[in-house]
Amino acid sequence: MEQDSLSLYGVALASRLIIGTAQYPSPAILAKAITAAKAEVVTVSLRRESGASRAGENFWSLIREFGVRVLPNTAGCRTVKEAVTTAQMAREVFDTPWIKLEVIGEEDTLQPDVFGLVEAASILARDGFHVFPYTTEDLVVAEKLLGAGCEVLMPWGAPIGSGRGLNNPYGLRALRAHFPNVPLIVDAGIGTPSHAATAMELGYDAVLLNTAIAKAGDPAAMARAFALAVEAGRLGRLADPIEPRDMASPSTPVIGRAFTDLARA
Amino acid sequence: MRIKINGEARDVTATTLAALLRELDYEDLTVATALNQAFVRKTDRNRAHLRDGDAVEILTPRQGG
């Protein structure tokens with residue numbers, strides 16, 4: 001099969017599984033999970049320096065050893081100003097124009113504040129950032145994000161960390177159909193490999209997840225399971241699946257079946 | 001001078017952001033800085049003067065989702 005690569009802001013990637021780096025039991029297990037997932041992109045964040053632990057320094061050297069591309073986030077930001085400042089800080093530290101833009105609008109669901117998101121995306125895109133907006137499946141918001149300069153959209157599957165999978169497959173399908181040429185990544189809410197496979201079968205270009213791997217009993221095994229599921233879902237999509245139907249349709253030929261001339265008891 | 005560093009009030013002698021990082025012994029760490037919620041580039045820290053009551057953020061790479 002010919003090379004099926006994904007292009008995000010002009011960067012070609014073979015892997016369609018992007019994973020988060022948080023919540024792992026240990027740095028060693030995180031390292032195993034990155035390898036097992038065959039991830040080429042991982043998400044990272046910025047947090048307040050605490051001084052003594054040098055935790056940030058140790059984490060950053062581990063990620064650099066892997067040579068993976070990083071996608072810094074603005075996780076937890078609740079205003080446009082917080083998100084824009086965090087993005088600017090991330091660009092300097094991680095030396096990348098890529099930013100996973102989160103502007104959180106609601107505490108219980110961690111739902112994006114789509115109004116703030118569009119505003120922040122516009123500011124950042126004008127400033128040369130390559131924005132990956134964490135958004136909903138809303139078509140109008142999607143259109144405005146693209147108008148603001150985003151070349152990739154990342155609709156949620158379900159609330160962050162919930163593991164509920166794809167809450168609105170209809171909405172995700174509509175988004176895919178509406179923007180056939182925009183790279184679309186399901187970000188957040190994925191719980192099991194079958195959720196990831198379903199997202200890929202819907203035609204999504206990639207899947208981004210963290211908790212489902214990090215909090216699994218065996219994160220490295222789960223990372224591999226997700227890698228296989230994403231690949232299977234992608235192959236299934238490209239192979240043009242059959243349409244579902246309401247009634248049975250025999251797969252074994254009917255002609256030539258034995259006993260057809262005998263009366264049934 | 002009393003300023004807030006990462007949310008905690010602290011007395012410092014430094015009068016610029018660059019001097020503050022030296023005072024905190026953060027000089028060799030990978031950090032990004034903001035002063036009163038505005039990003040300050042590494043190259044601008046010498047010119048970023050601190051005033052009483054300022055809020056400084058010093059951020060470092062961390063795990064993220």
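1. How many residue pairs are in polar contact between chain A and chain B? The count is 17 residue pairs, both residues being at pLDDT 80 or more, where a polar contact is a pair of N or O atoms within 3.5 Å, one able to donate a hydrogen and the other to accept it, and residues adjacent in sequence count only if both atoms are side-chain atoms.

2. This is a predicted model, in which local features need pLDDT of at least 70 and side-chain atom pairs count only at pLDDT 80 or more, while totals for chains, interfaces and linings use all residues. Residues are numbered from 1 along each chain as its sequence is written, chains are lettered from A in the order in which they are written, and side-chain values use heavy atoms, without hydrogens and water.

3. Chain A and chain B bury about 2500 Å² between them, 55% of it on carbon and sulfur atoms, buried area being the accessible area (1.4 Å probe) that two parts lose on being put together, summed over both. On the chain A side, R48(A), E49(A) and M89(A) lose the most area to chain B, together 28% of what that side buries.

4. Two salt bridges are counted between the chains, a salt bridge being a side-chain nitrogen of Lys or Arg within 4 Å of a carboxyl oxygen of Asp or Glu. R48(A) forms a salt bridge with E57(B), with the closest N and O atoms 2.7 Å apart.
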